[in-house]
Structure formats: C-alpha cells, structure tokens
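These are my notebook entries from going through one model, written in the order in which I looked things up.

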Amino acid sequence: MSGWPSLLLWVTLLAPLPLGLLALRHPPRQMRRVVPVLGALPLTSLLLLSRLEEGGLQGTLSLGGLSLQWRLDPLAALLLLLTQLVLLASATYAVGHRRAALPDEAAHARFWPLLGGLAVALGLIWVAADLLLLYVGLELMGLTAVGMMLLPGKAEAIRAGLRYLLYALVGSLAWLLGVALLLGAWGTLSLAELAAVAEPDAVTRIAMALLAGGLLLKAAIFPLHGWLAPVHASAWTPVSAVHGALVVKASFFILILLWRLLLPEAVVAAWMLGLFGAAAVLWGGLKAWRADTLKQVVAWSTVGQLGYLMLAFPLLAGAAASVAALAWQATWLQLAGHALAKAAMFMAAGNLMLSTGASRLEELAGTSRRLPLALMTFGVAAVTLMGLPPSAGFTAKWLLLQASLASGQWPWAVVLVLGTLLTAAYVFRVLRCSFVEEAPRHTFEPLPRGTDLVPLLLALAAVGLGLVAQWPLGLLRQGGVP
C-alpha cells in the first residue's frame with residue numbers, strides 16, 4: 001500500500017499545525033467556522049481506515065541523513081480518528097469558551113498553534129515505528145501541553161505549569177537513559193528490529209524500567225500522579241478536555257507498545273503495574289469523592305480511570321491467546337470511551353462553573369433547574385465512566401471482567417466492582433449538590449450558543465460507541481495482539 005494513502009496520511013498528520021498558525025493571526029470568532037475546516041480531518045482518517053489493507057501502511061521518513069520509520073495499523077488509525085474528533089470538539093468549544101470566559105485575546109490566539117502542535121505530536125506518536133520518532137512526538141506533546149497549561153497567565157497556573165514541566169523533563173531524562181541503553185545493547189532504534197533481536201536480559205530490563213518510569217510519570221499513573229490535579233485546577237476548560245482525553249493516554253500507549261515488544265512475558269513486573277493500576281482506581285476514586293471543587297472531582301476521576309488501562313499488563317503477560325485478545329480489545333475500547341467521556345465531562349463542568357461563577361460543589365445548588373443541559377451532559381458522560389450499559393465503558397469493563405475470570409486473576413474483578421461503586425459515589429455527590437433548591441440562588445450567566453451542544457455530542461458518542469463496539473473491536477482483531 002503506497003502512493004496517495006501515504007500522502008493523505010501525512011497531510012492529515014501535519015495539517016493542524018499550519019491551520020493553528022493561521023488561527024494565530026486570525027483567531028476564529030464563530031464556532032460554525034471551525035467545524036468545516038477541522039471536520040475534514042476525521043473524514044480523511046475514516047478514508048484511511050477504509051483503505052487499510054492487511055498489514056497496514058508503513059514507510060520511512062527521510063530528513064537529510066536521518067531516517068524515521070513509521071507505520072499505520074488498525075490501532076493507530078483508530079487512535080488517529082479519536083484524536084481528530086476530540087481536537088475538533090475542543091477547538092469548537094474553545095471559541096465559545098473565549099466569548100464566555102473573556103480570556104486575554106493574545107493568550108487565546110496562542111492557544112491555536114499550541115493545539116495544532118499537540119495534534120501533530122499525537123499523530124506522530126500513533127504512527128511512530130522507531131524510538132527516535134516516538135521521542136520527537138513525546139517531547140513535542142509535552143512542550144505544547146505545558147504551553148497550553150500556562151495560557152491563563154495567573155500565578156497559580158504558572159506554578160502548576162512549571163511543576164508539570166519539571167515532571168515532564170524528569171520523565172524525558174528517564175526515557176533518554178532507557179533509549180541509550182537499548183541502542184548500546186542492540187544497535188538499533190527500530191521497533192521491528194528491536195522485537196527481533198532484543199533479549200529479556202538485565203540490560204533490557206533496566207532500560208524498560210527507565211522507560212516505564214518516565215512514561216508512568218508523564219501519564220500520571222499512581223503513585224506518580226501528583227502533578228495532574230493542580231494543573232487542571234487552573235487550566236482553561238478546552239485545554240483540560242484535550243489533556244485529560246488524549247495527552248496522558250499517549251504515554252500509556254507508548255508504554256504498552258514497548259512492553260509488548262521487549263518484555264511480553266515479564267509476569268511479575270506486569271503484576272506490579274497492575275497493582276499500580278488497582279491502587280490508582282481506588283485512590284483516584286476516593287480523592288474524587290472527597291474533592292471540594294468540581295474540577296478537582298473530574299481531575300481525580302482521571303487518575304482513577306487511568307488505572308483501568310494498567311490492568312492490561314497482568315492480563316496480557318503470559319496469558320492464553322483468548323485472554324490476551326479480550327484484554328487487548330477491552331483496553332483500547334476503554335481508552336476511547338474514556339477519552340470521549342472525559343472531554344465531555346470537563347466541558348460540562350466548565351459550563352457549570354462559567355454560568356454560576358462558582359467552583360465548589362455546594363455552590364452548584366439550583367443548577368438542575370437553571371442549567372439542565374450541562375448537568376445532563378455531565379450525567380451522560382458519567383454513564384461511560386461508571387461502566388453502565390450500553391456505553392463503551394460497560395463493554396470494555398465486561399471484556400476486562402471476562403479476561404480476569406478466564407485467567408483466574410480475580411483481584412482485578414474486585415477492582416472493577418469497587419471502582420464502579422466509587423465512580424457512582426462521586427458522580428451522585430455532584431448531582432445531589434446540583435439538585436439542592438433551598439440554598440441561596442446564584443445569578444446564572446447565559447452560555448454562548450453551542451457550548452452545551454459540543455460536550456453533549458461527545459458524551460452521546462461515548463455511549464453510542466458501546467452500541468457499535470463491534471466495528472472498532474473487529475478492526476483490533478484484524479490487527480491482532482502484538
């Protein structure tokens with residue numbers, strides 16, 4: 001497969017950056033003008049998916065004397081489509097958010113090239129087939145994400161953003177040390193060549209430990225999650241939406257990709273990662289339940305929900321083919337459903353805070369009557385996070401439960417049940433506060449038209465994904481478990 005599909009792929013990957021630079025000079029003022037421009041990108045991703053042949057698409061990107069390998073398989077194509085959809089929603093919502101929140105115009109203009117750079121970085125990560133291209137995507141993603149967190153310009157945003165930058169740099173240092181060990185031991189950065197020649201010796205294990213440590217830090221996986229909640233507390237809502245939905249998932253994607261290539265049978269280490277995930281589910285759920293502000297609830301919810309993805313490691317390591325297939329499909333369906341629902345939940349929370357001018361849960365009194373659509377969106381997004389039918393979260397957790405029981409790893413089944421109960425606890429706490437009527441009334445500010453519609457469509461997409469789950473799961477089966 002070559003020719004125009006390859007050209008279309010790279011146009012799709014790189015187009016967001018020039019569009020973002022154009023928006024720097026001419027920031028969009030109306031939401032309806034963003035949709036036709038960025039809406040073409042998901043359509044090209046769908047076209048690539050429909051044309052993806054057996055074995056996918058692959059090639060080499062030559063930059064002077066440097067050759068970077070890439071490939072597009074069904075998983076990468078699905079993740080690219082998910083990225084384009086979430087970025088389209090975040091960009092559209094950002095226009096309405098500017099009108100409601102009245103941020104600094106210059107800072108709002110800088111949002112667009114940063115969003116374009118982030119889109120390019122995520123695309124490079126999904127298609128990278130060597131460690132160097134992965135590093136380029138990872139660093140570009142980190143720098144643009146930090147820049148977006150600093151956009152509010154307030155003291156708390158700067159402190160949180162610089163803290164995030166420090167964590168990202170430490171993670172990058174660990175990554176580079178791990179890559180250096182692999183290059184010195186096996187003489188290649190190509191993922192395919194590493195899979196063929198690398199052996200699970202001491203050097204490979206140390207290198208993988210360094211890589212995992214850096215990626216776990218960037219992905220905010222328990223116990224390396226301390227930077228996430230403060231960063232989201234001061235970030236703009238569209239920034240939190242795209243960060244919680246996509247940025248932390250990219251580091252997880254790299255981690256599981258390298259783990260399956262280098263140490264697929266490391267059962268003990270995989271169980272350690274699974275225990276980190278279990279702790280994240282429980283700790284994140286408890287912190288979200290005890291949080292005082294709406295954004296803290298959603299941010300700590302992200303920490304907990306990321307834990308479900310980590311359960312893939314013990315379910316894949318040394319497992320039977322049928323169990324590994326279930327775990328593999330469940331992991332990516334959970335990731336996609338969570339990305340759509342979490343972006344919707346951040347936007348719905350942002351709408352509630354914009355209209356009420358308040359952020360504490362007890363200050364949400366009366367929103368059930370005055371802001372029913374925003375509150376309904378929050379609830380619909382929560383359906384996926386709780387794993388209720390017919391959402392993507394339900395299907396993914398059902399597959400994880402099947403894999404856990406089929407492999408005899410019942411502790412993960414307990415984690416799934418407890419995590420669902422904790423999610424219900426913090427979601428219904430928010431809803432309970434919103435239905436209080438006897439508290440003092442707020443002055444509710446009207447929201448710009450469309451800011452309610454964008455998150456509602458995302459939340460419905462997360463639920464609808466469960467109804468059409470056979471389509472992405474079929475594509476994942478076509479790609480197989482690496």
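Q84 lies in helix α5, residues 74-101, where I take helices (H or I, at least four residues) and strands (E, at least two) as DSSP runs numbered from the N terminus. Leaving aside residues up to four places away in sequence, I find Q84 touching T12, L41, P42 and S45, a contact being heavy atoms within 4.5 Å.

I note the terms of the work: the model is predicted, so that local features need pLDDT of at least 70 and side-chain atom pairs count only at pLDDT 80 or more, while totals for chains, interfaces and linings use all residues. Residues are numbered from 1 along each chain as its sequence is written, and side-chain values use heavy atoms, with hydrogens and water left out.

**Entry: the whole chain**

I looked up the secondary structure and found 22 helices and 2 strands in the protein chain. The radius of gyration is 21 Å, which agrees with the value near 23 Å that a compact globule of 482 residues would have; here the radius is taken over C-alpha atoms, and the globule rule is 2.2 Å times the number of residues to the power 0.38. Along the principal axes, the C-alpha atoms fill a box of roughly 65 × 55 × 40 Å. Of the 482 residues, 60% count as buried. Among contacts with a separation of 6 or more, I read that 83% are between residues 24 or more positions apart.

**Entry: aromatic rings**

For rings of Phe, Tyr and Trp (its six-membered ring) I count a pair if the centres lie within 6.5 Å, and I call planes under 30 degrees apart stacked, over 60 edge-to-face and the rest tilted. By this rule I get 10 aromatic pairs. One of them is the edge-to-face pair of F111 and W112, at 5.1 Å centre to centre with 80° between the planes. F111 is buried at a relative accessible area of 1%, and W112 is buried as well, at 5%. The pair of Y164 and W227 is stacked, because the ring centres are 4.5 Å apart and the planes stand at 10°. Since Y164 lies in helix α8 (residues 155-186) and W227 in the loop between α10 (202-218) and α11 (228-234), this pair ties together parts that are 63 residues apart in sequence. Both Y164 and W227 are buried. I also noted one aromatic cluster formed by W126, F252, F253, W259, F313, W328 and W332.

Most residues other than glycine have a negative phi, and most peptide bonds are trans. Against that background I marked A220, whose phi is positive, near 60°. A220 lies in the loop between α10 and α11 and counts as buried at 0% relative accessibility. P223 has its place in the loop between α10 and α11 too, and a cis peptide bond with omega about 5° joins F222 to P223. Elsewhere I found the peptide bond from P389 to P390 to be cis, with omega near 5°; P390 is in the loop between α18 (372-386) and α19 (392-406).

**Entry: salt bridges**

How many salt bridges does a search of the whole structure find? It finds 3, a salt bridge being a side-chain nitrogen of Lys or Arg within 4 Å of a carboxyl oxygen of Asp or Glu. In one of them the side chains of K218 and E139 meet at 3.9 Å, N to O. Because K218 lies in helix α10 and E139 in helix α7 (residues 131-149), the pair ties together parts that are 79 residues apart in sequence. K218 counts as buried at 9% relative accessibility, and E139 counts as buried at 17%. In the bridge between D73 and R71, at 3.7 Å, N to O, D73 is partly exposed at 24%, whereas R71 is buried at 15%. R360 bridges to E362 with the closest N and O atoms 2.8 Å apart; R360 is partly exposed at 33%, and E362 is partly exposed at 48%.

Note on methods
Buried means under 20% relative accessible area, exposed over 50%, partly exposed in between (1.4 Å probe, protein chains only).
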